[in-house]
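I opened the notebook to look up a few features of this model. The entries follow in the order I checked them.

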Amino acid sequence: QRAGCLQRCLGRRLRPAPSAHRASRAVRRDFQRREPYNYLQVAFFQLKKLDQAVSAAHTFFVANPQHLQMREDIEKYRRMSGVKSDSFQDLEATPHWESYETGVQHYDADEYLQAVARLEESLSEALSALEECRALCEGPWEDEDEEEKMQPGLYEAIAAHYIQVLKCRQQCVLEIATKPGRISATEDFIPSHLDLLQFAYSQVGNQTLAAECAASYLLFYPTDEPMLEKMKEYRTELGEDAAVTARQSIQHYVQRSLMEKKLIYYAVEHLGETFNDPDLWTPDELIPENLKQKHREDQEKQKRETLDVEEREKRGPLPFEGIVVTMDSQQMNGTQRVVFDRVLTESECKDLLRLTKAAGEAGDGYRERRSPHTPHERFEALTVLKAMQLAQNGDVEWRDAKLLLQASEKSRKIIESYFTPGKKLHFSFTHLVCRRAVDGEQEGRMDLSHPVHADNCLLDPEGQECWKEPPAYVYRDYSGILYLNDDFQGGGLFFTEMDTVTVTAEVRPKCGRLVAFSSGQENPHGVWAVSRGRRCAIALWYTHSQEHAEQDRVKAEELMEQRAVEQDQPGGEQHQGAARRSRSSPAPRAPSRASKPAGQGQKPGLHGEQHPKVLRARDEF
């Protein structure tokens, strides 16, 4: 009867022979990704229907914020004079997400009356969306390997198809809990509504509904101690005779879900099925004994990861005072990623920027040239050895060249203490790099300042592989970028998935900010186009392999030591100063901070000239 009903319904909607109209998995996947809107925005634009083109583009972009081309298109639409701001609307907006986010905002602002109204809307709409999703699971049997396998018998076919439907229904909670454009779902989406509601209701004085929400929450987590305590308080306030029961809709949701899980786990245990349980609240007794071991292993792994974090916290502060961790791996949606701030002071950034300017004026191998990655930018680069040689020739200040050595060494110690305490990191390469936007060549620009890549392997986005073979620098283990300025447009660092288009995190440059990450396939990254101004940073790569240590750095440190020895000799400072003046300028320069008399009270920092003992490059910290 149900099959006949479905046939009649499909016949009315799709005309006769509905099976011929069923969309393939690939087509459904494209609709889930909102691909039709990508085509629609182009078509509407060509038809000069700007408002519809903008709405289609925005709808696609909401679900695909990592799409670089659409990002550019959206910016162009924003700059067009004929485009209305209200045209930027999501035509596929899910009502429960709008209500949920508004409700959470009211909740965070202690506006509990408004929070209750919006969270109730969200919960109702989410449960309704869940039912729609579950109904769509009752489609045709799908098996990509159907031709390669022996056709199942009657009961195997019925069981396999039914388990497929059940697993699809279970995954629906992830679909409604995943915000468009996000990769992962919000954990405990339904239970979290009840948790927020019980507190909000208690704050507005409605203890009856607060107790109802608490009882509903306990259906998911019956041993949750804080909620059990709240239930005791509510029962005391309402009186022991007051009937406090969970919501009927939540009781139905939990009972139905548990029955489905029981059936699925039976199939996993006896029919060789697999299942990724989407819920954290699934009772342990529901999981078959032979699967509990794997479940325990997963929990142990999670516990070890937690202990690793705790162990890192026990190491104490970072090796230098004042430095703060602004973003860690979790906040950057990846692994082995971190952002530190206050690594350099504003004056130290200015000194290093002066070094790039002086080196540029000196020429001698440091001439500005086209970037190797884009024709729209000029590229300048300076190694530590070249900086020392320029200082030796009097073309740049010794203290600025020394600061480059010190700042990069400071970064190395920070990264080593954070990622590999007790295991030495050696410099692989140190590069002071500036990228400048070419004036008059930015209009219509679509490329990146540095395309997406990994630092120790050859990225293959199509095959989802990263080949650790030459010409990649396979010995590199960690990478870092120490930013010197932010007075430019664009130029931010971004991380992606292996596909090179799904952006997972972005880092905005600013003076003294150090971003560090492991160099492998887990951290593909690129640099947005520098569309105005000049972006300068110290690019750093490190290795555990001493045989691949940076030789230029060893030579640079030798030159620094030689300079220190000369300073220790009587008249050494005057002789060096005279040589520098004779090569760099006919007129004597005004004294810099490094050459002030000691009595002027300069604070010790990265510049070591004011100390009684001259610090050498290897022990400046």
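**Entry 1. A tyrosine on a helix**

Where is the place of tyrosine 155? I found tyrosine 155 in helix α8, which covers residues 154–177. I note here that this is a predicted model.

Is tyrosine 155 buried or exposed? The relative accessible area of tyrosine 155 is 66%, so I logged it as exposed. Tyr155 also belongs to a nonpolar surface patch, together with Leu154 and Ile158. I have the area of this patch as about 390 Å².

**Entry 2. The chain as a whole**

Of its 621 residues, 42% are buried. The chain exposes about 34,500 Å², and carbon and sulfur atoms supply 50% of that.

I also looked up sequence separation in the contacts. Among contacts with a separation of 6 or more, 72% are between residues 24 or more positions apart.

**Entry 3. A four-stranded sheet**

In what order do the four strands of the open sheet run? I read β6-β14-β11-β12, with antiparallel pairing. The edges are β6 (450–453) and β12 (503–507). Each edge strand has a single partner, so one side of each is left without a neighbour in the sheet. From one strand to the next, the twist averages 20°.

I went on to β11. Strand β11 (residues 493–496) pairs with strand β14 (residues 525–527) over three bridges, in the antiparallel sense. Phenylalanine 495 stands opposite histidine 525 in β14.

β11 also pairs with β12, antiparallel, over four bridges. Leucine 493 has valine 507 of β12 as its bridge partner. β11 and β12 form a hairpin, and six residues lie between them. In the turn, threonine 500 has a positive phi of about 70°.

Which way do the residues of β11 point? Leu493 and Phe495 point one way, Phe494 and Thr496 the other way. All of these are buried.

**Entry 4. Strand β13**

How many residues of β13 are buried? I got five of the five, for residues 514–518. Strand β13 is therefore largely enclosed by the rest of the structure. Leu514, Ala516 and Ser518 point one way from β13, while Val515 and Phe517 point the other way.

I listed two pairings for β13. Strand β2 (residues 337–341) pairs with β13 over four bridges, in the antiparallel sense. Phenylalanine 340 has leucine 514 in β13 as its bridge partner. Strand β9 (residues 478–483) pairs with β13 over five bridges, also antiparallel. Here tyrosine 478 has serine 518 in β13 as its bridge partner.

**Entry 5. Salt bridges**

Side chains of opposite charge can pair when their charged atoms come close. How many salt bridges does a search of the whole structure find? I have 27. I took three of them one by one.

I began with glutamate 260 and arginine 134, whose closest N and O atoms are 2.5 Å apart. Glutamate 260 lies in helix α12 (residues 248–270) and arginine 134 in helix α7 (residues 112–136), so this pair ties together parts that are 126 residues apart in sequence. Both glutamate 260 and arginine 134 are buried. I also see Arg134 and Glu260 in a network of salt bridges with Arg2, Glu138 and Arg169.

Next came glutamate 212 and arginine 247, with closest N and O atoms 2.9 Å apart. This pair links distant parts of the chain, 35 residues apart. Glutamate 212 is in helix α10 (residues 207–220), and arginine 247 is in the loop between α11 (225–238) and α12. Arginine 247 has a relative accessible area of 14% and is buried.

Arginine 534 lies in strand β15 (residues 530–543) and glutamate 380 in strand β4 (residues 377–383). The pair therefore ties together parts that are 154 residues apart in sequence. Which of the two did I log as buried? Glutamate 380 is buried, with a relative accessible area of 8%, whereas arginine 534 is partly exposed at 24% relative accessibility.

Definitions and conventions:
Residues are numbered from 1 along each chain as its sequence is written. This is a predicted model: local features need pLDDT of at least 70, side-chain atom pairs count only at pLDDT 80 or more; totals for chains, interfaces and linings use all residues. Side-chain values use heavy atoms; hydrogens and water are left out. Patches are made of residues with over 30% relative accessible area and no salt bridge: like charges are joined within 9 Å, nonpolar side chains (Val, Leu, Ile, Met, Phe, Trp, Tyr) within 5 Å. Accessible areas come from the Shrake-Rupley method with a 1.4 Å probe; for residues, only the protein chains shown count as cover. A salt bridge is a side-chain nitrogen of Lys or Arg within 4 Å of a carboxyl oxygen of Asp or Glu. Buried means under 20% relative accessible area, exposed over 50%, partly exposed in between (1.4 Å probe, protein chains only). Two strands pair if DSSP finds at least two bridges between them. Axes are lines fitted to C-alpha atoms, for helices over the stretch in contact, and angles run from 0 to 180 degrees between N-to-C directions. Contact means heavy atoms within 4.5 Å.
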